[in-house]
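Please look through the structure shown below.

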Amino acid sequence: MRNEDLPAVSLISPFNGRVNVVEDALFIWNSVPFARSYQIEISDNPDFTNILYGQANITQNSFSPNSNLLANGIYFWRVRVQESACGPGPWSDVFSFQTVRSQCTVYQSEDVPVNISSSGTPIEFSSLDVT
């Protein structure tokens, strides 16, 4: 078997085009026979000119970045066999995904308006419980 005969890695998860991927995503791909290690690249653009997470010498068929991805981000990822009996392999197809959107919650105060006396030195309180 020559180097160019080594199959490309097949990506599994996060699946291509997936939305609402959790920020602590686990990247999984199919193992390639005779592969001793893999290399992964995660970027914010499809031509990988800005590698956000890159890891070599991965001996399993999965990878978890050491810090979370940003919410509502669009990411691109690819994997290749880095080391095998046949040498390095080609890059996989590129998959893209979007992380979950940040959730904003609006809280409404229930004890307003508060009447403030115009005489003396008034002190009034209003509270908002956020749980």
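Predicted model: local features only at pLDDT ≥ 70, side-chain atom pairs only at ≥ 80, totals over all residues.

**Aromatic rings and the sheet**

Phe15, Phe27, Tyr75, Trp77, Phe95 and Phe97 make up one aromatic cluster. Across the whole structure, a search finds six aromatic pairs.

A pair of aromatic rings is described by how far apart the centres are and by the angle between the planes. For Tyr75 and Phe97 the ring centres are 5.6 Å apart and the planes stand at 25°. Planes under 30 degrees apart count as stacked, so this pair is stacked. Tyr75 belongs to strand β7 and Phe97 to strand β8, so the pair ties together parts that are 22 residues apart in sequence. Tyr75 has a relative accessible area of 5% and is buried. Phe97 is also counted as buried, at 2% relative accessibility.

Trp77 and Phe95 have ring centres 6.3 Å apart and planes at 85°, so their pair is edge-to-face. Here Trp77 lies in strand β7 and Phe95 in strand β8, so the parts tied together are 18 residues apart in sequence. Trp77 is buried, with a relative accessible area of 0%. Phe95 is buried as well, and its relative accessible area is 13%.

How are the strands β7 and β8 placed in the sheet? The order is β2-β8-β7-β4-β5 in an open sheet of five strands, with mixed pairing. At the edges are β2 (18-21) and β5 (51-58), each of which pairs on one side only. On average, neighbouring strands of this sheet are turned by 25° against each other, direction ignored.

The pairings can be followed along this order. β2 and strand β8 (residues 95-99) run parallel and are joined by two bridges. Arg18 has Phe97 as its bridge partner in β8. Between β7 and β8, which run antiparallel, there are four bridges. Trp77 has Phe95 as its bridge partner in β8, and the rings of Trp77 and Phe95 also form the edge-to-face pair described above. Strand β4 (residues 35-43) and strand β7 (residues 74-84) run antiparallel, with eight bridges joining them. Gln39 has Arg80 as its bridge partner in β7.

Arg80 also takes part in a contact with a ring: Arg80 lies over the face of Trp91, at 5.3 Å from the ring centre. In another contact of a charge with a ring, the charged end of Arg78 sits over the ring of Phe48, 4.1 Å from its centre.

Note on methods: Residues numbered from 1 in each chain as written. Heavy atoms only, no water. Pairing = 2+ DSSP bridges. Axes fitted to C-alpha atoms, helices over the stretch in contact; angles between N-to-C directions. Phe/Tyr/Trp six-rings, centres within 6.5 Å; stacked < 30°, edge-to-face > 60°. Buried < 20%, exposed > 50% of the residue type's maximum accessible area, 1.4 Å probe, protein only. Lys NZ or Arg CZ within 6 Å of the ring centre and 35° of its normal.
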